[in-house]
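Reader: I have a structure open and want to learn to read its features. Can we take them one at a time?

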Amino acid sequence: MEKKKMATSCDIDVHGIARIEGEGALHVHIDDGELKNVELEIFEPPRFFEAFLRGRGFEEPPDITARICGICPVAYQMSACLAIEDACSVQVRDEIQTLRRLLYCGEWIQSHVLHVFLLHAPDFFGLEDAVELAKINKSAVERGLFMKKMGNKLMEVVGGRAIHPVNVRVGGFYSAPSKGDLQDLVEDLKKALDYAIWAVEWVAAFDFPDINTSYPLVSLVHDTLYPIDYGTVASTEGFNVSPKEFLDRIVEEHVARSSALHAKLDGETPYLTGPMARFNLNYDRLTPIAKQCAEASGIERDCRNPFKTIIMRSLEVVVAFEEALRIIDNYVAPDPSYEQVLPRSGIGYGATEAPRGTIVHRYELGKDGLIKEAQIVPPTSQNQAAIEEDLKNVIANNMDLDQEQLTNYCETAVRNHDPCISCSAHFLDVDIKR
Amino acid sequence: MHIVLGSLLGCRHQAIVVGTDMDALKSTKIVIAGIGNYYRCDDGAGPQIADEVAEITNIDNIGPISEPLDLIEQFEGVKLAILIDAMKSGEPPGTIRIFDVDLLSDTKQLTSTHGIGLGRTLQLADALGKSPEKVIVVGIEGKVFGDGNQLSPEVREAIPDAVKIIDQFILSQS
């Protein structure tokens with residue numbers, strides 16, 4: 001990039017960061033060549049889901065919390081189910097858990113592909129958006145749309161519909177798809193897997209700035225599988241704990257600039273969840289083709305460059321297609337399609353991996369089956385502090401860029417993490433002051 | 001061009017046709033789609049109108065569409081697409097407007113993780129060579145967009161006229 005010199009003191013204000021979900025702003029203050037302040041402001045109104053879950057029946061959270069987000073409703077449904085089942089001491093059969101994983105693969109595919117092709121890739125070509133990208137690389141966008149369609153199809157067949165699936169219930173599914181329903185998708189899923197393999201190669205060839213991060217990474221881990229639908233919570237700092245113990249370790253605090261809570265480890269350390277965390281903590285559990293793609297792409301197995309999340313996200317699309325095909329190949333419809341869950345007094349925890357990162361639910365139930373307390377910790381509120389750290393890093397290393405270039409750089413740094421502001425609002429405009 | 005269709009059709013609600021060269025349309029495959037959310041009050045007007053038009057005209061209803069991006073695939077082989085969406089333009093609630101899609105090209109719609117706006121989706125379809133020969137957007141001015149599945153009285157009252165106007169428009173194309 002040709003660098004244009006910028007005045008040593010300035011303010012950069014972005015009052016509506018594009019290609020992220022929801023509304024927020026970024027304010028940067030640089031004085032006499034020194035970075036004074038970076039604030040990620042989230043001004044979406046709080047949504048009070050946790051408050052209005054109180055007093056609702058124990059079977060309602062999957063449907064209510066799915067409405068928090070149109071792009072990752074399955075993440076909310078799955079964490080809610082696990083938490084309620086934990087409270088009621090029910091563990092679903094493997095066949096049901098596997099069908100949940102298949103539904104979740106659909107969500108990962110459609111969310112990740114949308115982000116990689118329509119939101120993030122244009123940044124690496126200096127283009128405004130996917131329309132401009134389609135003008136210079138029609139085939140790439142067409143492939144992206146095809147993959148996204150297959151994610152939607154999986155969600156329709158397993159979940160009943162592509163947005164806000166209606167087939168999920170505490171204990172499993174209202175009905176299980178037939179083997180034939182799933183087999184009908186196989187040929188197109190294989191074609192989409194080929195496109196996903198190509199996509200890793202395509203994004204790995206982009207030019208990446210040399211930025212590295214040091215904050216802890218946190219993700220679910222699992223003995224054998226790449227983490228999606230359940231697991232324990234591990235970090236690059238070395239802990240590996242239950243979802244309950246993880247919630248005990250994080251402190252959510254309100255900061256005046258944000259209607260989303262900021263979560264920090266032990267109340268003081270910013271941390272990051274999402275593709276970079278999952279990739280770093282689960283490299284050995286990448287699916288076979290995804291691992292080959294990772295090796296061929298040249299990405300470091302301990303990569304800490306947030307701009308390379310586009311490679312990691314693309315690898316996770318490969319994972320999701322491989323897993324979908326594996327699950328369909330071995331599929332036996334669970335019969336019955338759900339476990340009977342009887343309410344009991346207790347507290348339950350559920351943690352899964354939303355496309356953007358770890359999502360944890362906690363419910364306290366009364367013996368009447370009504371919810372006494374609910375706590376929902378979505379990925380974006382966990383990632384906010386780490387995103388601010390990235391912004392400080394990017395700005396400190398690029399003080400010589402002019403206002404426009406630095407602003408664009410900052411916006412890309414935020415988009416690296418695919419924040420979902422509505423989910424967290426409990427958030428983007430950029431404002432740089434010098 | 002700027003035609004007030006309502007007076008020609010005997011409807012109380014006026015349809016303002018903006019920039020559409022209807023005479024140039026000799027289409028055969030026509031699809032209709034309502035865009036919006038039934039649970040956001042007047043945002044549900046588009047899908048409701050599309051349902052009613054599809055029922056009386058027997059044309060393909062490819063909606064309801066909650067994510068405009070989904071339209072691209074469904075545009076395959078289509079000559080004319082009629083998209084019905086609630087709008088907020090400052091006109092009185094219930095006002096019906098028919099737009100030539102080109103007029104949407106300058107709209108600065110945010111593209112977010114949760115989807116791409118209708119204008120950018122149509123441009124993306126065009127860039128991919130998947131755009132129908134003609135796309136008509138019918139807008140109905142909404143009043144209330146909060147939570148709820150009830151249309152405002154003004155919009156509810158305008159729906160029969162909107163259906164009639166679109167039906168007449170489709171007849172003029174065949």
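Author: We go from chain totals to strands, a helix, a cavity and a few single residues. Keep in mind that this is a predicted model.

Reader: Start with totals. How many helices and strands are there in chain A?

Author: Chain A has 15 helices and 14 strands. Of its 434 residues, 64% are buried.

Reader: Now strands. How do I read side-chain direction?

Author: In a regular strand, side chains alternate between the two faces of the sheet. Take strand E7 of chain B, residues 134-141. B:Lys134, B:Ile136, B:Val138 and B:Ile140 point one way. B:Val135, B:Val137, B:Gly139 and B:Glu141 point the other way.

Reader: Which of these residues of E7(B) are buried?

Author: All of them, on both sides. Eight of eight residues are buried, and the strand is mostly covered.

Reader: What pairs with E7(B), and in which sense?

Author: Strand E5 of chain B, residues 80-87, runs parallel to E7(B) and is joined to it by eight bridges. One bridge pairs B:Leu80 with B:Lys134. Strand E6 of chain B, residues 96-100, pairs with E7(B) in the antiparallel sense over five bridges. There, B:Ile96 stands opposite B:Ile140.

Reader: Chain A has an open sheet too. What is the strand order in E6, E7 and E8 of chain A?

Author: The order is E6-E7-E8, with antiparallel pairing. The edge strands are E6(A), residues 218-221, and E8(A), residues 240-241. Each edge strand pairs on one side only. Strand E7(A), residues 232-235, is joined to E8(A) by two bridges. In one of these pairings, A:Ala234 has A:Asn240 as its bridge partner.

Reader: Next, helices. What is the general idea?

Author: An α-helix has 3.6 residues a turn, so residues three or four places apart point the same way. Burial can then be checked residue by residue.

Reader: Why is helix H4 of chain B described as largely enclosed?

Author: Count the buried residues. Nine of the ten residues in H4(B), 118-127, are buried, so the rest of the structure largely encloses this helix. Among them are B:Leu118, B:Arg120, B:Gln123 and B:Ala127. Just after H4(B), B:Gly129 takes a positive phi of about 70 degrees.

Reader: On to voids. What lines the second largest cavity?

Author: Begin with its volume, about 50 Å³. Its lining includes A:Leu272, A:Met276, A:Thr309, A:Arg313, A:Arg356, A:Asn383 and A:His417. Helix H10(A), residues 275-281, and helix H12(A), residues 309-329, each give two or more residues to this lining. By type, the lining residues divide into three nonpolar, six polar and two charged.

Reader: One last residue. Where is A:Gly180, and why is this glycine classed as partly exposed?

Author: A:Gly180 lies in helix H7 of chain A, residues 179-183. Its relative accessible area is 37%, so A:Gly180 is partly exposed. The band for that class runs between 20% and 50%. Sequence distance is a separate matter. A:Gly180 and A:Ile328 are 148 residues apart along the chain, and their C-alpha atoms are separated by 9.6 Å.

Technical notes:
Residues numbered from 1 in each chain as written. Chains lettered and ligands numbered in written order. Predicted model: local features only at pLDDT ≥ 70, side-chain atom pairs only at ≥ 80, totals over all residues. Heavy atoms only, no water. Pairing = 2+ DSSP bridges. Helix = DSSP H or I, 4+ residues; strand = E, 2+ residues; numbered from the N terminus. Buried < 20%, exposed > 50% of the residue type's maximum accessible area, 1.4 Å probe, protein only. 1 Å grid on protein atoms, 1.4 Å probe; cavity = no way out; pocket = protein on both sides within 12 Å on 5 of 7 lines; lining within 4 Å. Points joined across faces, edges and corners; volume = space filled by probe spheres on them. Nonpolar A, V, L, I, M, F, W, Y, C, P; charged D, E, K, R; others polar.
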